[in-house]
Structures are given as C-alpha cells and as structure tokens.
Amino acid sequence: MRDRSRYADIFIKTLRELCTAVIHVKILKTCVVSTLLLLIPVALCSLQKVWAKDLRDELWSRVEELFTVIEKAGSEGMDVKELIRDLNKAIQLIRRGDEESLRRAKAILDGLSARVEEISRELPRYRLVRDLCTYSRVALLLSIPVAMYFLLPRAYLRLWYRYRRRWLVEER
Amino acid sequence: MRFDEEVFAVLLAIVVVACIFTAAQSIPRHGEAFTAIGLLNEECKIGDYPRYIVVGEPVTLCIYVSNHLGKPALLQVRMKIGSRGYLPTNTTPLNTTYVVVLERVLDDGENVTQKITFVLNRTGTNLALVFELWRFDTSVGRWVYDGKWVHLYVNVTRVVPSWGLRRG
C-alpha cells in the first residue's frame with residue numbers, strides 16, 4: 001500500500017513538473033515571438049534608413065562623377081546649361097532625402113548619364129572644330145594687311161585707268 | 001589723282017593696327033578666375049539684418065553666390081556657428097560641424113540668390129553666423145574650402161515664460 005501511494009506521489013509530482021515545464025516553454029515561446037514581432041519593424045526601419053543612406057551616398061558619388069565631365073565640357077566652351085539645370089534638380093532631390101525624392105533623383109541622373117556620355121564623345125571633335133575656326137579667323141585677320149600691301153596699289157591703278165578709259169590725250 | 005605713297009602708308013598702318021586688335025580680341029581667353037559669396041536679409045536685400053534671434057525659432061536669410069571661374073562649378077555653402085574672435089580665415093575654415101548646407105552647380109558667369117532657413121538651439125552673445133564657400137575640386141575629387149566667407153553677429157536669447165503672478 002505504502003509503495004503504491006509513493007509511486008502515485010512520484011507520478012503526480014512528475015506530472016506537475018512536466019506541466020510547469022510545458023507552461024514555461026509556452027511562456028518562453030510567447031516571449032520570443034513577441035520580441036521578434038517587435039524587432040522586425042525596428043529592423044525594417046533601420047534597414048530602410050541604411051538603404052536610403054547608401055543610395056544617397058551612391059547618388060552623390062554619381063553627381064560628382066557627372067559634374068567632373070560637365071566641368072570639362074563647360075571649360076572647353078560647350079553649352080552645358082541644360083545639363084547643369086538637371087544636375088541641380090537631382091541635387092535638390094538628394095538633399096530632401098526621402099525615398100520618393102531619391103528615386104526621382106536616380107531617374108534624373110540616369111538620363112543625365114547618357115547625355116553626358118554623348119557630350120564626352122563629342123568633345124574632341126568640338127575642340128578640333130573650335131580651334132580650327134579660331135585659328136582660321138586669326139589667320140584671315142592677320143593676312144588682310146599683307147593682302148592690302150600688295151593688292152591695294154594695283155586695284156587703285158586699275159580703277160584709275162577704268163575711270164579714265166575714254167579720256168583723250170591732247171597734244172599742246 | 002596720283003597714288004600717294006604717304007596716304008598708302010597711313011592707310012596700311014591703320015589697317016595693321018585694326019587687324020591686330022581684332023585678332024587679339026578673337027582669341028578666347030579668361031580673365032581673373034574668382035567666386036563670390038554675399039549675405040542678404042530675409043527679403044534678399046542688403047541691410048536690415050536680424051540682430052536678435054530666439055532659440056528654437058526659424059531664421060531666414062539669403063545667400064548670394066557667383067561663379068566666374070571660367071568653367072562650371074559645384075559650390076557648397078556651409079553655415080557654422082562661430083563667435084567674436086573665432087572666425088575662418090582666407091586659408092582655413094572653422095573647425096566645427098555645419099548647421100546647414102546647400103549645394104548648387106553654377107555655370108561660368110552665373111549667380112544665384114537662395115533663401116536659407118535654420119534654427120539655433122543654443123544661446124549666446126555675439127555669436128557669429130558664418131557662411132563658408134566650398135568648391136568641389138575635380139582634380140582631387142573632394143570638397144575644398146574656397147577661402148571666402150561671410151558672417152553676421154547675433155545675440156541668441158531664450159524666451160522665458162511669464163506666469164502672470166499678481167500681488168495681493
């Protein structure tokens with residue numbers, strides 16, 4: 001009898017411990033799940049901030065790259081007004097910093113990249129044509145006095161004779 | 001009329017001078033390269049600057065920037081807080097972090113006047129609102145101080161709430 005009651009006690013005790021353990025596990029699970037649920041939005045927000053910062057840095061480095069080419073083209077005398085206007089728009093959007101603005105800035109910079117590349121390709125030809133025009137103009141201007149030195153007396157004499165073509169020489 | 005050699009010489013001299021002058025003008029050249037920065041009031045005019053500022057209240061001023069470098073320039077205006085005796089020089093900027101910053105690309109010969117709004121969060125007497133001009137130097141690939149700045153001395157005060165205490 002005594003043994004039976006002891007076994008029953010042990011059984012009940014074990015059962016109680018088991019139940020407590022199960023309850024503890026449940027509580028633990030609930031805690032873990034709630035922590036995860038709390039952490040996920042925080043992590044998402046942080047990720048978004050990191051993404052926005054990364055994108056902003058990336059866009060800034062693109063602005064700097066594009067400006068380097070625009071500066072070179074502008075210093076050679078190319079018309080870069082439109083490109084500067086678009087670059088300023090992109091800079092303003094990057095400064096705003098929100099997701100939508102960054103996306104718009106990226107789109108503007110994508111469009112600018114193609115145009116800047118085109119300008120970069122055209123630059124050597126533009127430089128050659130510009131130099132040719134300048135030197136030709138200078139050469140033309142400097143050749144005027146030389147031409148005048150040789151041609152003006154002849155032209156004057158030709159005109160002088162033409163004007164007096166019908167004149168008669170009279171002996172006195 | 002005989003073709004006079006003296007007349008011819010005078011004509012030739014005039015033509016030589018005129019041609020050399022025109023040729024010199026047609027060669028492209030840049031004058032002195034410089035940038036400029038100016039501080040204007042809220043209405044973007046000279047004078048009538050704020051002397052007293054309240055902590056936490058937005059203040060608006062106008063910044064004028066001009067580019068005559070002979071090429072486009074990526075310029076940046078950094079607003080910092082200095083004090084009497086603690087101002088930038090032609091070679092060194094203030095060694096403090098900036099409160100506000102604004103960037104702009106300007107073509108050669110272009111200028112811009114832009115409003116700048118900021119809030120101060122510390123009190124002080126004779127604080128200097130310093131606006132430094134920085135330029136993106138493409139040869140080194142980073143921002144460099146352009147050696148130009150403007151500043152405005154202000155007193156920044158805090159508004160103390162009155163509790164309306166009455167006697168008797």
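**Exercise 1. Trace the order of elements in chain B, and state how many helices and strands it has.**

Solution. From the N terminus on, the order in chain B is α-β-β-β-β-β-β-β-β. That gives 1 helix and 8 strands. Here helices (H or I, at least four residues) and strands (E, at least two) are DSSP runs, numbered from the N terminus. The model is predicted: local features need pLDDT of at least 70, side-chain atom pairs count only at pLDDT 80 or more, and totals for chains, interfaces and linings use all residues. Residues are numbered from 1 along each chain as its sequence is written, while chains are lettered from A and ligands numbered from 1 in the order in which they are written.

**Exercise 2. What radius of gyration does chain B have, and what would a compact globule of 168 residues have?**

Solution. Step one is the rule: the radius of gyration is taken over C-alpha atoms, and the globule rule is 2.2 Å times the number of residues to the power 0.38. For a compact globule of 168 residues the value would be near 15 Å, but chain B has 27 Å. Step two is the extent: the C-alpha trace of chain B spans about 120 × 40 × 25 Å along its principal axes. Step three is burial: 20% of the 168 residues in chain B are buried. A residue is buried if 20 or more other C-beta atoms lie within 10 Å of its own, exposed if 12 or fewer, and partly exposed in between, with C-beta atoms placed from the backbone.

**Exercise 3. Carry out the analysis for chain A, and find why it is more spread out than a compact globule.**

Solution. Chain A has 3 helices and 0 strands, in the order α-α-α from the N terminus on. The radius of gyration of chain A is 45 Å, well over the 16 Å that the globule rule gives for 172 residues, so chain A is more spread out than a compact globule. Along the principal axes, the C-alpha atoms of chain A fill a box of roughly 180 × 20 × 15 Å. Of the 172 residues of chain A, 12% count as buried.

Confidence comes next. Within chain A, the mean is lowest in α1(A), at 81, and highest in α2(A), at 93.

**Exercise 4. Describe helix α2 of chain A, its buried residues and what follows the helix.**

Solution. Helix α2(A) covers residues 81-96, 16 residues in total. Its first and last C-alpha atoms are 23 Å apart, close to the 22 Å expected at 1.5 Å a residue; the expected span is 1.5 Å times one less than the number of residues. The buried residues of α2(A) are Leu83(A), Ile84(A), Leu87(A), Ala90(A), Ile91(A), Leu93(A) and Ile94(A). An α-helix has 3.6 residues a turn, so residues three or four places apart point the same way. Just after α2(A), Gly97(A) has a positive phi of about 85 degrees.

**Exercise 5. Where does UniProt place the feature "transmembrane region" in chain A?**

Solution. The unreviewed UniProt entry places this feature at residues 21-44 and 138-157 of chain A. UniProt positions are given in the numbering used here, feature names are shortened, and annotations may be inferred rather than shown by experiment. Over residues 138-157, chain A is 100% helix and 0% strand, with the end C-alpha atoms 29 Å apart.

**Exercise 6. Which helix of chain A gives the most to the side that touches chain B?**

Solution. Contact is defined first: two residues are in contact if their C-beta atoms, placed from the backbone, lie within 7 Å. By that criterion, 26 residues of chain A are in contact with 22 residues of chain B. On the chain A side, α1 (2-75), α2 and α3 (99-163) each supply at least two residues. The most come from α3(A), with 13 residues. By class, this side of chain A has 17 nonpolar, 5 polar and 4 charged residues. Ala, Val, Leu, Ile, Met, Phe, Trp, Tyr, Cys and Pro count as nonpolar, Asp, Glu, Lys and Arg as charged, and the others, Gly among them, as polar.

**Exercise 7. Is Gly74(A) buried or exposed, and which residues does Gly74(A) touch?**

Solution. Gly74(A) is in helix α1 of chain A. Gly74(A) counts as buried because 24 C-beta neighbours are inside 10 Å. Not counting residues up to four places away in sequence, Gly74(A) touches Val80(A), Lys71(B), Pro72(B), Asp107(B) and Asp108(B).

Conventions. pLDDT = per-residue confidence, 0-100.
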